[in-house]
Amino acid sequence: MANLGIHVLEQATAVSVPVVADSGLPYVTGAAPIHTASKPGKVNTPILCTDWKDAVAKLGFSYDWDAYPLCEFMYSHFQLFGCQPVIFCNVMDPAAMKEEAAAKEYDVEEHRVRLPLAAIGSTVSVTNGETALEADEDYSVYYDDKTDSCVVELLETGSAYEAAKLSVSYTAVKPDEVTLADIVEGVGHVDDCMTAVGKIPDTFCAPAWSHDPVVAAVMATKSAGIMGLFRGKCLIDADCSENGVTEYSQLPGYKNKNNFVDENQIVCWPMVKLGDYKFHLSTQLAGLMAKVDTLNSGCPYESPSNKALKMDTCCLADGMEVNLSWPQVNIVAGDYGVVTAVNFLVGGWVAKGNYTACYPGNTDVKDMFIPVSRMFDWVGNTLIRTFWSKLDKPMNRRLIDSILDTCNIWLSGLVGTERLLGARAEMLESENNLLDLMAGILHIHIYITPPSPMQQCDFILEYDVSYVESALAA
């Protein structure tokens, strides 16, 4: 039967809009004082934090960064570099990592008793002499991150407002019970990011733990195949303790001994300080990379090297200052393939180093240079996200042309903005045999050339005699 009338039908657009992958989005594993959080996230689960207040609400905060290294990253990324978001994975479980603190008598000052930050507020029990006090009637409990304490404050309307001494017992968390196995498990939960928070990170960090060769190896493995598909980079620190690297010449042996030679690893040394605050260099490098990427519209084609860090000195784990001369920095960053920090000429403190950990053993440009390797990761991640919806569609000429056109238009845009020197997508006959095509397997060859970072510029000075002749000629 005819369908009378005039009808308008819509045809799917032949070219797709690329779903550009996130760049500079960190996934950070470690311990946080989550028992102090007002809206605590789940333990061993990716937690997306969009700003400082969001992070404090979901993870809590403490200035004891040795016990709670996620707080170091929070402070650096949100407060110092002003970057967002971050995906955290807290592995400290207050329900399991805890101990009882027996009742103890405390002096009351200004109607307050200060307990260690480790105290779990809901477990606090207070007595005045023989009388048990009631929470929210006689006292309230809150956390003061400025003094890193759990505060028991007597209420003016309560029965013990003028008490001079109180007996307090509580249960305390034990962040020192976090083990290597907990960190490794936390790193593995990166595969849950898409379902948990709807984002795929491309930077792995584990401050205070990444120097461990097991953790570093697992981070590198996950960086090479997030969810078995996406790629990223892991930022790892060389150990700055007395058992690690205390002077720059030890770095090559340390890298080889701990197998820090993967193209997906970026090795950092030493630590850095800003006032009284001490940071792992990987923490600040993550913030710097995110900031540089953001300034370039989310494209990681520019190296973080020679960009400003938030610091005033380099140091070891014990706080001892490290002062590298320019020739020493040249060796560390240029010969050893390690990212460091330098204050040279009038630029202030900047990161220095363009190499991934695979250098100097691997000198393939796409592997050894940080921005080039990250561009390969980013382009690959974008292709996966863009064309995932094309899977299982009929593999006909229209589909193939749609994929090729979408790729080439997007790549041409990157070439036009000089984020790539050149790029193209082709379907090569030599790579697409009949059996593969019959099996529904399509091979698209992507050629890309990201710009290498300029590491050296030589000016040749020559005395030109001809200028004397021309200047003095009559």
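User: Which helix gives the largest share of the lining of the largest cavity?
Analyst: Helix α10, residues 370–387, contributes four residues, the largest share of that lining. Please note that this is a predicted model.

User: Which residues line the largest cavity?
Analyst: The lining consists of D22, D202, R231, G232, K233, R374, D377, W378 and N381.

User: And how do the residues of that lining divide into nonpolar, polar and charged?
Analyst: Six are charged, two are polar and one is nonpolar.

User: What volume does the largest cavity have?
Analyst: Its volume is about 40 Å³.

User: Turning to the open sheet of three strands, what is the strand order?
Analyst: The order is β5-β9-β8, and the pairing is antiparallel.

User: Why is one side of β5 and of β8 left without a neighbour in the sheet?
Analyst: Strands β5 (112–116) and β8 (139–144) stand at the edges and each has a single partner strand, so one side of each has no neighbour in the sheet.

User: By what angle are neighbouring strands of this sheet turned against each other?
Analyst: The average is 25°, with direction ignored.

User: Over how many bridges do β8 and β9 pair?
Analyst: Strand β8 pairs with β9, residues 149–154, over six bridges in the antiparallel sense.

User: Which residue in β9 is the bridge partner of Y139?
Analyst: The bridge partner of Y139 is L154.

Note on methods:
Residues numbered from 1 in each chain as written. Predicted model: local features only at pLDDT ≥ 70, side-chain atom pairs only at ≥ 80, totals over all residues. Heavy atoms only, no water. 1 Å grid on protein atoms, 1.4 Å probe; cavity = no way out; pocket = protein on both sides within 12 Å on 5 of 7 lines; lining within 4 Å. Points joined across faces, edges and corners; volume = space filled by probe spheres on them. Helix = DSSP H or I, 4+ residues; strand = E, 2+ residues; numbered from the N terminus. Nonpolar A, V, L, I, M, F, W, Y, C, P; charged D, E, K, R; others polar. Pairing = 2+ DSSP bridges. Axes fitted to C-alpha atoms, helices over the stretch in contact; angles between N-to-C directions.
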